[in-house]
4 protein chains.
Amino acid sequence: MLIVLKPDVTQEEIDHIVAKIRSLNLEPYVSKGMYRTIITIIGDEDILREQPFEAIAGVESVKPILRPFKLVSRETHPDRTEVEVGNVKIGGDKIVVIAGPCAVEGEKEVIEHALMVKKAGAHIFRAGAYKPRTSPYSFQGFGEQGLKFLAKAREETGLPVVTEVIDPRDVALVEKYADMLQIGTRNMQNFNLLREVGKCQKPVLLKRGMSATVNEFLMAAEYILSQGNRNIVLCARGIRTFEDVTRNTLDAGVIPIIKDWSHLPVIGDPSHAMGLNAYVIPAALSYIAAGADGIIVEAHPSPEDAISDGQQTIDSDQLVILIQKLGRIARALDRDIY
Amino acid sequence: MLIVLKPDVTQEEIDHIVAKIRSLNLEPYVSKGMYRTIITIIGDEDILREQPFEAIAGVESVKPILRPFKLVSRETHPDRTEVEVGNVKIGGDKIVVIAGPCAVEGEKEVIEHALMVKKAGAHIFRAGAYKPRTSPYSFQGFGEQGLKFLAKAREETGLPVVTEVIDPRDVALVEKYADMLQIGTRNMQNFNLLREVGKCQKPVLLKRGMSATVNEFLMAAEYILSQGNRNIVLCARGIRTFEDVTRNTLDAGVIPIIKDWSHLPVIGDPSHAMGLNAYVIPAALSYIAAGADGIIVEAHPSPEDAISDGQQTIDSDQLVILIQKLGRIARALDRDIY
Amino acid sequence: MLIVLKPDVTQEEIDHIVAKIRSLNLEPYVSKGMYRTIITIIGDEDILREQPFEAIAGVESVKPILRPFKLVSRETHPDRTEVEVGNVKIGGDKIVVIAGPCAVEGEKEVIEHALMVKKAGAHIFRAGAYKPRTSPYSFQGFGEQGLKFLAKAREETGLPVVTEVIDPRDVALVEKYADMLQIGTRNMQNFNLLREVGKCQKPVLLKRGMSATVNEFLMAAEYILSQGNRNIVLCARGIRTFEDVTRNTLDAGVIPIIKDWSHLPVIGDPSHAMGLNAYVIPAALSYIAAGADGIIVEAHPSPEDAISDGQQTIDSDQLVILIQKLGRIARALDRDIY
Amino acid sequence: MLIVLKPDVTQEEIDHIVAKIRSLNLEPYVSKGMYRTIITIIGDEDILREQPFEAIAGVESVKPILRPFKLVSRETHPDRTEVEVGNVKIGGDKIVVIAGPCAVEGEKEVIEHALMVKKAGAHIFRAGAYKPRTSPYSFQGFGEQGLKFLAKAREETGLPVVTEVIDPRDVALVEKYADMLQIGTRNMQNFNLLREVGKCQKPVLLKRGMSATVNEFLMAAEYILSQGNRNIVLCARGIRTFEDVTRNTLDAGVIPIIKDWSHLPVIGDPSHAMGLNAYVIPAALSYIAAGADGIIVEAHPSPEDAISDGQQTIDSDQLVILIQKLGRIARALDRDIY
């Protein structure tokens, strides 16, 4: 950590700061320059991060040196992590397609949707039993019944299923039925929920918060890992910006950065990024070209009849084309598709 | 709702859309113009909002007409709501100051802090027993013990206390000890938590999510109201933008807009907005000048020793000056301070 | 255009608005619904856009229906435009690579750089003679001398050259020496400069402003087209958001949207988007996968010795790899590279 | 400046970086810690800022210590600057109101508007002769004729006039007629225009770019000062964010920060910040409460008939109320109004 002092800092103030740092069993190095005095502290930034140095008289600014995450970092775990979801591995040479409707729409429907997804060639089935909706008056999902329908869809198709959990009280239940638990964008910093899924045996799909920095995204994964669950797949889905021609703004350029910093696999969600199904395919291709390990996409036999998110949902034909094109891009990069 | 059709829309596509709207028991009006055909539907937008019209062939864009909230709206409740917290009313002519440290730091400490706050002239005491922290390695709060300390601080000072709840499982417990429950910025769209506090008898302080639009902020309040709890105070605390000289970006201009659209009181949080204690006072004054009903501010006898958020915490002397200046601004606007 | 009226609008106010619209020779349609009265006006939105309807008593909000651009739109020009820069066509089946250093660094240097770029297989050479720099104390470019060096580099290599113009007074001079004029991100709404390049015979590379919406970006191109110059290549280079692990945030998902709305070619700039050379290659691949017609990239034989932007500049080896990979991605999408 | 090295940096890489720094006649201090080696360089950051250290092997990140601006800084000029515009001083104890329509609308009109503004009690008249418009089909202003009308309005009322200049070729002309030259938000980084007004004798009103950081805003002022013109008034007018209930997002909290860092006066523009006249008054009050030295506001006898920006323009009655309320807020803060 680096502490930049004000131009008019007094010796008494410097002594006070130095004493404070020593009281934490750390050693400060004071350098006086032409324009500023700075104090460098090399050591455990976790201890320092907690200290409000900026509240101390004479301090102008504080600059951390280390990134705040540890267990998710490639510094502590240089090899890439591969996450097994049923019989599918995410994070290896082969890219993975997770597809399905936004919501579980009924027993018959969910089986039909899973069959469609399987036939198109996708590898994991997705559908929401618990739906976090902006309006209290919107459909909120089938709950436990929806989880049971999902388990039936798996039986019928053999596809592993991933579904969202939004309440720490539901984690055990969702784990019982699903093959992978999804943490949605609005819950990326629901820390108690992160802790609960961190205690699960099942893998976790962690979506980036719509206003989270990459560092905060990785710290959310750190919460899960710190509880013992190492099977985490990170999911880029766009952030909120001033641009509204797309639903969110997904810069695929963060994918190689995250893969450089962390050993965890990264996938992308073109449906929530774009918000309109007409542009889902090119967006998905761009994520794979940037190095993503797969995609998660909303698909439905008849998007205009979907219970939610229909406008960003592709149909069966588009899903077939998407998977075929993803394979071509993957092979152009010396990878392949499952 | 207004549906703008593509320039090359076919009559068959128009007929399909019209039929779809009629199947919802609503009446569409089709207007053909020089450049575009549009379909206007005046009626219950809640039903329409659920429909993915943008997924239907021939549709270019969809424009809602009504705002999505109802119970929080002044259209359904023209009179201003005043929220009682202990013996203090928020939302009337008199502005209110809520002050205290970021976290409960111990039994002795919390009583000392509450006495300081009372002596300075603040009206409600704040301190966190449950702390949502970006890092799993940071101090996470005293939990239930912290709530008991808060209750003692109230006994000692007579000040009502507000404290944050971050888990639906803790709502009953927090309600037992606190006079007001705070929903933090990261939980503004934790919908199950909103529902739980919506069933409480105690008032709720709802902070704006750091990436929430004003509409989403009011929809979060709508979740709480829809469960029966009408005692909600909205709190502006800044949004996340590219500017980082302040911790967040708080445009006080949204305060008169929110008060125009909703009957609920609005306060501002200069500590989290600014992130640096040196600028807390002018920021707080600006919120009152824009029409806020009060402020919530982090205060501590020795900010540099605070367990968390010390850099944005003012000390006792600054709190005294702040309250005196707030009073002057309030009176310049024909209001007063409690 | 749609005008939504306030719930308490009076008949007198409605009559006034209707009269105002009729005075513009347009015909309003008034629809009274359960919750709101709305006025629909189908016709020339250019006239309406100028009218401050929101300033009129009784008006709640105004919603435009049409997009504001015309000449750049595929509605008025359905075929794709191909822009010729020297002997290179941008916008056809073959993708194009524009490469070179940020700045012209001297006569000998610019020739060396152009030779490097040519040898690596790029198709157009870039280097700045006029540099818009954030600090008045930074190197501001070689000016006219730099343009002459560029012309020599073209003679030596046969590569067409593109260079930035930042002042309307320099347009004629730049046009004399360069094959394509670049408008930088900071000048995207320098309307007089747009008009001047709009009168040129040479093609224009228009970069998106860092805070411009897609609509504003296309309106900037409209300025150029409205002066008669149809040879415009649009360049995505990222927008400014809260995320700072990359220099800018470039969502490649806007590329297929822009190509859907406009007939103009679109390229991407991975150097300014990422800000770090280590991530330039995957970013560039993602733009092509999303449908871009080419890229513009900063390249230099020794990035650490570059006069400016060295940290985001790739070296000769990276440029060779980039071009080879771009070709593979292009062919995977049934396109090719020049 | 601080250079953080990668965990796997080699001694050879360190030696290379050290040699590079010494070649700039600066002295590096290398500190090896538990997790990272860092290199501290205290000295002229202007030289360092130009160096692409991040392009050098072994470097993880680079952190500047000093702020980039000099002449605008209170470190080099501790006393506050007061800027004289005609007979009005901006930046002293008394706050200033600049008011008038968005555009010059004709000779008779501009005189009528200036008389209205004077009668309401404002101190400086504003109106645009050159209008930077998003659409090439919108009204672009009266140009030189408009400047002449403005000069007549000054003769009639005695009010100094401020008007925007958008082209370096027009600076001499605008200086001839106006008392203050305005640089608009879209030209904040039009560096050649900044240089031209920097050579003027007349004061400059510099608006913050809608995507400019505070540091970039002050660097734009540095451009003007570096040419010799010290009479600069900074104007906050909001930045672009995801929130669209206001036209821009103006955090008044940056005002005390800018006044802490710089000696230049700061005013606020509630019209462009809010975008709707109904909220202009509370917004304006908030800027003064935060410490602004004045405001610039759009006012017109009949906003609905204004040629441009009518929806955000207040009328004569609102201007009178605004000025009266501004005076009360100013006096509550021990300042006054002119």
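**Close-up 1. Helices α11(A) and α11(C) run roughly antiparallel to each other in this predicted model.** The pair joins helix α11 (residues 316-332) of chain A to helix α11 (residues 316-332) of chain C. The packing angle is about 160 degrees. Angles over 145 degrees count as roughly antiparallel, so the label applies to this pair. The two axes lie 9 Å apart. The crossing of α11(A) and α11(C) is right-handed.

**Close-up 2. Arg328, Ile329 and Ala332 of chain A meet Arg328, Ile329 and Ala332 of chain C.** These residues belong to α11(A) and α11(C). Four residues of this helix contact are nonpolar and two are charged. No polar residue takes part.

**Close-up 3. Chain B meets chain C through 20 residues on each side.** Three strands of chain B, β1 (2-5), β2 (28-32) and β3 (37-41), each supply at least two residues of the side that touches chain C. On this side of chain B, eleven residues are nonpolar. Five are polar and four are charged.

**Close-up 4. Four strands of chain C form an open sheet in the order β2-β3-β1-β4.** The pairing is antiparallel. β2 (28-32) and β4 (59-63) of chain C stand at the edges. Each has a single partner strand, so one side of each is left without a neighbour in the sheet. Direction ignored, neighbouring strands are turned by 20 degrees against each other on average.

**Close-up 5. β2(C) pairs with β3(C) in the antiparallel sense.** Five bridges link β2(C) to strand β3 (residues 37-41) of chain C. In one of the bridges, Ser31(C) has Ile38(C) in β3(C) as its partner.

**Close-up 6. Helix α1 (residues 11-22) of chain C packs on the sheet.** α1 of chain C touches β1 (2-5), β2, β3 and β4 of chain C. The direction of this helix makes about 155 degrees with that of β2(C).

Terms used:
Residues are numbered from 1 along each chain as its sequence is written. Chains are lettered from A and ligands numbered from 1 in the order in which they are written. This is a predicted model: local features need pLDDT of at least 70, side-chain atom pairs count only at pLDDT 80 or more; totals for chains, interfaces and linings use all residues. Two residues are in contact if their C-beta atoms, placed from the backbone, lie within 7 Å. Ala, Val, Leu, Ile, Met, Phe, Trp, Tyr, Cys and Pro count as nonpolar, Asp, Glu, Lys and Arg as charged, and the others, Gly among them, as polar. Axes are lines fitted to C-alpha atoms, for helices over the stretch in contact, and angles run from 0 to 180 degrees between N-to-C directions. Angles under 35 degrees count as roughly parallel, over 145 as roughly antiparallel, 65 to 115 as roughly perpendicular and the rest as oblique. A crossing is left-handed if the near helix is turned anticlockwise from the far one by less than a right angle, and right-handed if clockwise. Two strands pair if DSSP finds at least two bridges between them.
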